[in-house]
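This briefing goes through selected features of the structure shown below, grouped by topic. Please read each point with the structure open beside the text.

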There are 2 protein chains.
Amino acid sequence: MSDIAEKANVSKTTVSKVLNNREINVSASTRQKILDLVKQFNYIPNGVARSLTTRKTNTIGIILPDIENPFFAAMAKVIEGMAENKGYNVILCNSYNNEKKEEKYIRLLISKLIDGVIYASGGNSEESLNILRSNKIPFVVVDRYVDSIDKYSGVFSKNSEGIEKGVRYLYNLNHRNIAFVAGKSKVKVAKLRNESYTHISKELGVYNKDLIVESDFSIEGGMKATEELLSIKKKIDAIFYSSDVMALGGMKYLIRNGYNIPTDISILGFDNINIAALFEPELTTVEQPIHEIGRTACELLVNIIEGNCEDKIIELDTNLIERNSVKRIHKESS
Amino acid sequence: MSDIAEKANVSKTTVSKVLNNREINVSASTRQKILDLVKQFNYIPNGVARSLTTRKTNTIGIILPDIENPFFAAMAKVIEGMAENKGYNVILCNSYNNEKKEEKYIRLLISKLIDGVIYASGGNSEESLNILRSNKIPFVVVDRYVDSIDKYSGVFSKNSEGIEKGVRYLYNLNHRNIAFVAGKSKVKVAKLRNESYTHISKELGVYNKDLIVESDFSIEGGMKATEELLSIKKKIDAIFYSSDVMALGGMKYLIRNGYNIPTDISILGFDNINIAALFEPELTTVEQPIHEIGRTACELLVNIIEGNCEDKIIELDTNLIERNSVKRIHKESS
DNA sequence: CTGAAAGCGCTTACAG
DNA sequence: CTGAAAGCGCTTACAG
């Protein structure tokens, strides 16, 4: 910058002013002279120095369990796009659902003076969230509820309603022997879905404890759960998986073992990840508005960072996407 | 830091020394006193200030066309993991194959004083790469070759060999009417595969210009290409897609239209993304060692950054992964 | 309309 | 073993 200033015969102050587009108080000719020099020397301002004085880095961190999981990949993409749009960069932190790793990342992000973080927690993130809070770093939680802290910003879908939609959908198609593949209840959003399932299935009189198994939100998790379910040799009309990746794993396991979907068994997923429609049969699923969640979370975070907004929780609607993995059961056969 | 220094009755210099683990020249008692204070006040050093003086940010940028594409998601994950392991953060830049966006990101990254970048280019990235070079920022190109600059570091798989493996595999299974779904040849790595295909199919005497169509490396691209291929009503034994996502799209289109794979038509992919094995039938494909590419690229970049290494190109082996989407054709039927 | 000077929070070469 | 001081490259409040 001094170079530019010297060459233009002005002070650094003036150069700084024109680079920051402070329209005021610089003559057109000086401005032009500086701009020309900047272009000529391909000068790129030092953002680190800038950040040190302004205490603003225009970067946010995003912490998520697994970028290779299509759900989070989609979310990361939307967040990155929106962030770019608002003038922010994104530091990607893959936590592998490991709390210690999350905490390490949080400290690193804070030391880098990030302006805020979007946080999809893997488990109990109390410590990390407290560090964030005590350092006054804005954050918004997505997808994974946390219960360890009081009041915070978050964007979620209406999980309970989503589960209810799914169960009622199966019920209305005359499914009565419904299995449910739950997520690990140490993950709060999984627990929420599980509780909602229990609640609504009891209400409809189709609750069956034996037909509920808990597993990981992963393809392997879905396969394992399905294997378990089949091994108990009970009648199953439909399996409701509490995530699409699980459902996809389950479908694979079933097809491999000679089941026809949905003739022999119906499959319902949860999430509506982009590849859900790729399979044959296409997966019927409860959609979480992944893109909207990401977009909303990023907007909310930026608003908080820029002081235009208080902490708040936003919950978005789910949606039943009817495709080909669930059949109607005829009354006489049930 | 001054706070800590004051409370410990030492100078900032000393605090700095112990925080940076310069074992030398600080008494054990002073060291302990400082460490205690740091813990007590949960002090997190200001990395931005640090970076300003050291000219090192310990962050790298990764530029890729689409994080939602499973190929790049896998790569990003591996790179992020390895970077973390080496003490680096990762800024994620999704370029949507847009050169202008790439260039904008590059300038931003440079202004943030990133230590290096891993670059999966979408098209002609001459300008971006030149900016990087003239600012002396180390970079390593992955997956997508570039021809616009002279000498650079890169990690790729042996694309030509991979294509050759695929074609020979089909040929040895007595496929003669082989269609090829090429990527857009403005992408150099696609062009390379296409040229290799032409070369080897001519050598084997199975070259057929009509059976080659060009499309995008995407699910939709694969579907569209397949539709096109079927519309020309020529005999096709097998389709070789130059990427897995294309192959998956193609399979979907075929199954939807009543084709049985591999009975009616064989399908061969390229990449071996993680979901290739999820489908039924499981996709036979030419594997690119995605994880190894990511890992190697990150290691190479860090080595260059830390001055332990010159620019170099590394090419990794491909591998034919035999699954269930290609059948053997019996001599009499061909 | 323009600029001198202080300050952001570190590290480092140097002196003691 | 310890510290004073300069400097990294910006921005900003203030003076002119």
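A:Asn174 sits in the loop between helix 8 and strand 6 (178-183) of chain A, and in this predicted model its phi is near 75°, a positive value in a residue other than glycine. Because A:Asn174 has 15 C-beta neighbours inside 10 Å, it counts as partly exposed.

**Other backbone features**

- Phi of B:Asn272 is also positive in a residue other than glycine, near 60°, and B:Asn272 belongs to the loop between strand 9 and strand 10 (284-287) of chain B.
- B:Asn272 is buried, since 24 other C-beta atoms lie within 10 Å.
- In chain A, the peptide bond that joins A:Ile261 and A:Pro262 is cis, with omega about 5°, and A:Pro262 is placed in the loop between helix 11 and strand 9 (266-271) of chain A.
- In chain B, a cis peptide bond with omega about 5° joins B:Ile261 and B:Pro262, where B:Pro262 lies in the loop between helix 11 and strand 9 (266-271) of chain B.

**How the two chains are related and meet**

- The contact between the chains takes 39 residues from chain A and 39 residues from chain B.
- On the side of chain A that touches chain B, the elements giving two or more residues are helix 4 (47-54), helix 5, strand 2 (89-94), helix 6 (99-111) and helix 11 (244-256) of chain A, and the largest share, six residues, comes from helix 5 of chain A.
- By class, that side of chain A divides into 21 nonpolar, 11 polar and seven charged residues.
- The copies meet through the same surface, because 100% of the interface residues of chain A are also interface residues in chain B.

**Two residues of chain B and their surroundings**

- B:Asn46 is found in the loop between helix 3 (28-40) and helix 4 (47-54) of chain B, and it is partly exposed, with 17 other C-beta atoms within 10 Å.
- When neighbours within four places in sequence are left aside, B:Asn46 is in contact with A:Ser111 and A:Leu113.
- B:Asn46 and B:Arg176, which are 130 residues apart in sequence, are 65 Å apart in space from C-alpha to C-alpha.
- B:Ala238 has its place in strand 8 (residues 238-241) of chain B, and B:Ala238 is buried, with 28 other C-beta atoms within 10 Å.
- Beyond its neighbours within four places in sequence, B:Ala238 is in contact with residues including B:Leu170, B:His175, B:Ile265 and B:Val326.
- The C-alpha atoms of B:Ala238 and B:Ile267 are separated by 5.7 Å, although these residues are 29 residues apart along the chain.

**Helix packing**

- Helix 8 (residues 159-172) and helix 9 (residues 188-203) of chain A have axes that come within 8 Å and cross at roughly 45°, which makes helix 8 of chain A oblique to helix 9 of chain A.
- Residues of this contact include A:Ile163 and A:Val167 of helix 8 of chain A and A:Leu192 and A:Ile200 of helix 9 of chain A, and by class the contact has six nonpolar, four polar and two charged residues.
- Helix 5 (residues 70-86) and helix 12 (residues 290-305) of chain A pack at an angle of about 40°, with their axes 8 Å apart, and these two helices are therefore oblique to each other.
- The contact of helix 5 with helix 12 of chain A is made by residues including A:Phe71, A:Val78 and A:Met82 of helix 5 and A:Ile293, A:Ala297 and A:Val302 of helix 12, with 12 nonpolar, two polar and three charged residues in this contact.
- Helix 10 (residues 219-231) and helix 11 (residues 244-256) of chain B pack at an angle of about 50°, with their axes 6 Å apart, which makes helix 10 of chain B oblique to helix 11 of chain B.
- Helix 10 of chain B passes helix 11 of chain B in a right-handed crossing, and the residues of their contact divide into nine nonpolar, five polar and three charged.

Terms used: Residues numbered from 1 in each chain as written. Chains lettered and ligands numbered in written order. Predicted model: local features only at pLDDT ≥ 70, side-chain atom pairs only at ≥ 80, totals over all residues. Helix = DSSP H or I, 4+ residues; strand = E, 2+ residues; numbered from the N terminus. Buried ≥ 20, exposed ≤ 12 C-beta atoms within 10 Å, placed from the backbone. Contact = placed C-beta atoms within 7 Å. Axes fitted to C-alpha atoms, helices over the stretch in contact; angles between N-to-C directions. Parallel < 35°, antiparallel > 145°, perpendicular 65-115°, else oblique. Nonpolar A, V, L, I, M, F, W, Y, C, P; charged D, E, K, R; others polar. Left-handed = near helix turned anticlockwise from the far one by under 90°.
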